[in-house]
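Please read them with the structure open beside you.

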Amino acid sequence: MKSLLRFGYLLALGLVGLVGCRKPASPAEYNAKASNVEYYNAALNKLTEVIIHDIFSPPVASRIYSYANLAGYEALVPFDAQYESLGGKLKRFQASPKPEPGKEYCFPLASTHAFLTVARALTFSVPFYDTFEKPFYEQYKKDGVPDDVYERSMAYGETVAKHVLDYAAKDNYKQTRGFKHTVTNEDGTWVPTPPAYMDAAEPQWNKLRCWAMDTCNQFMPPRPFPYTLAKGSPYEKELNEVYQAGKNLSKAEQDIAYFWDDNAFVMNVAGHVMFASKKMTPGGHWLGIAQTVARQQKLSMMKTVEAYALASFALSDGFISCWDEKYRSKTVRPETVINKYLDPKWTPFLQTPPFPEYPSGHSVISTAAATVLTELMGDNIAFTDSTEFKYGHGVRSFKSFRNAADEASISRMYGGIHYRSALENGQVEGEKVGKWVIEKIHARKQTVASR
């Protein structure tokens, strides 16, 4: 028995010795594993899941994506000498605190932690993150990140997140809560639409601080056509175009409309029962497209996060610009006029969203995002978009980002919720926003040629 105990003791010492002699992962080794872009993608996809669950409106969702991706970007910047902080580039944003000199960090870990910390702070359903984060962060330890580096990196991520959240607190968002749009019932102006007859969403959104734009009305589109039902007037022609299109939609047009629906809250009516469906927002859809193409091109974590951040800023400024005009022109939706003057039984293929018609939000923000992504990833990049396949919206293929934005735009007329001029003028507005974001916000140092 004593011999067995002695053997066991010696064996245990041997195992301890083997473990103690095992060479720890070097910074290059654990950073290479930790910079797996799929870690960041997982965090982004979790945020999208929470945004859908919490039913944030499209403008609010764009704000959340922008701050989370700003935090993710800023915490990752020290990892790549070709990139720099966006301090002084985004409107009234100061550079984030720098890491402690001479200390080892795992900046990819700091980046995802900063992203998730901001995501938690700006959304409601935090239990979603609780179940996600434990195995998520454990993976970094499995990748060989030493305990001291792990703790230091998590702390740095929190520092950057706090810096970004302090910035977010000053964007005037809280001051715009609780306001309602006053419905005047004047002919040609917006009124609530069926089936839920919801209040107009975010009537004060133009009061938020812009990201790159100088002002909310910097890219104001042309005035919408004057409201008149006089035969042959520009407005009457557009109204009739929507009416006829809605009555004669082909299967292909229906598929396009449904694919790009992206209505965060749809009220379904079955007899006397009404129930809601939750869907992805347009911003979430476009970040999903960015993720698809970044994977396709095998972009690094740094380039992928750059694309997410700049696309998010374009989406956010696009919504601010678009909403500024929506509540200036207060244009009535086609459904309201058609039901009142042409056909009381006509219904649009898609449910009309609860805000004024002009210009088309999909047209503005899709073109803004497509313009940024084209600049960062290239033109004529063919891709297949399966972003919303799991939500039942199918799969579609496109020749380029602009091709996808064009289809997103026309889908709104197929859906029966926009006039053609709202689409065309919205796309011009969105392109101006996207180009401005690229011009004003240089993530890469100026000595580095943009791709």
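1. A pocket is an open set of grid points with protein on both sides within 12 Å along at least five of seven lines, and its lining residues have an atom within 4 Å of a point. The model discussed here is a predicted one.

2. In the second largest pocket, which holds about 260 Å³ of space, α10 gives the most to the lining, with 6 residues. Both α3 (37-54) and α10 (282-296) supply at least two residues each. The lining has 16 residues, and N45, M280, G288, Q291 and T387 lie nearest the centre of this pocket; by class, the lining has 5 nonpolar, 8 polar and 3 charged residues.

3. The largest pocket has a volume of about 560 Å³, and among its 31 lining residues S57, A200, A201, E202 and P354 lie nearest its centre. Two or more lining residues come from each of α11 (301-329) and α13 (361-377), with the largest share, 3 residues, from α11. The lining divides into 15 nonpolar, 8 polar and 8 charged residues.

4. The structure also holds 4 cavities of 30 Å³ or more, and the largest cavity has a volume of about 70 Å³. Of the 12 residues lining that cavity, T193, M198, Q351, T352 and P354 are the closest to its centre, while its lining comprises 8 nonpolar, 4 polar and no charged residues.

5. On the surface, L229, Y341 and L342 form a nonpolar patch with about 250 Å² of accessible area together. L229 lies in the loop between α7 (147-168) and α8 (234-247), and L229 is partly exposed, with a relative accessible area of 35%.

Conventions: Residues numbered from 1 in each chain as written. Predicted model: local features only at pLDDT ≥ 70, side-chain atom pairs only at ≥ 80, totals over all residues. Heavy atoms only, no water. 1 Å grid on protein atoms, 1.4 Å probe; cavity = no way out; pocket = protein on both sides within 12 Å on 5 of 7 lines; lining within 4 Å. Points joined across faces, edges and corners; volume = space filled by probe spheres on them. Nonpolar A, V, L, I, M, F, W, Y, C, P; charged D, E, K, R; others polar. Patch = residues over 30% accessible without salt bridge, like charges linked within 9 Å, V, L, I, M, F, W, Y side chains within 5 Å. Areas by Shrake-Rupley, 256 points an atom, 1.4 Å probe, with all protein chains shown as cover. Salt bridge = Lys/Arg side-chain N within 4 Å of Asp/Glu carboxyl O. Helix = DSSP H or I, 4+ residues; strand = E, 2+ residues; numbered from the N terminus. Buried < 20%, exposed > 50% of the residue type's maximum accessible area, 1.4 Å probe, protein only.
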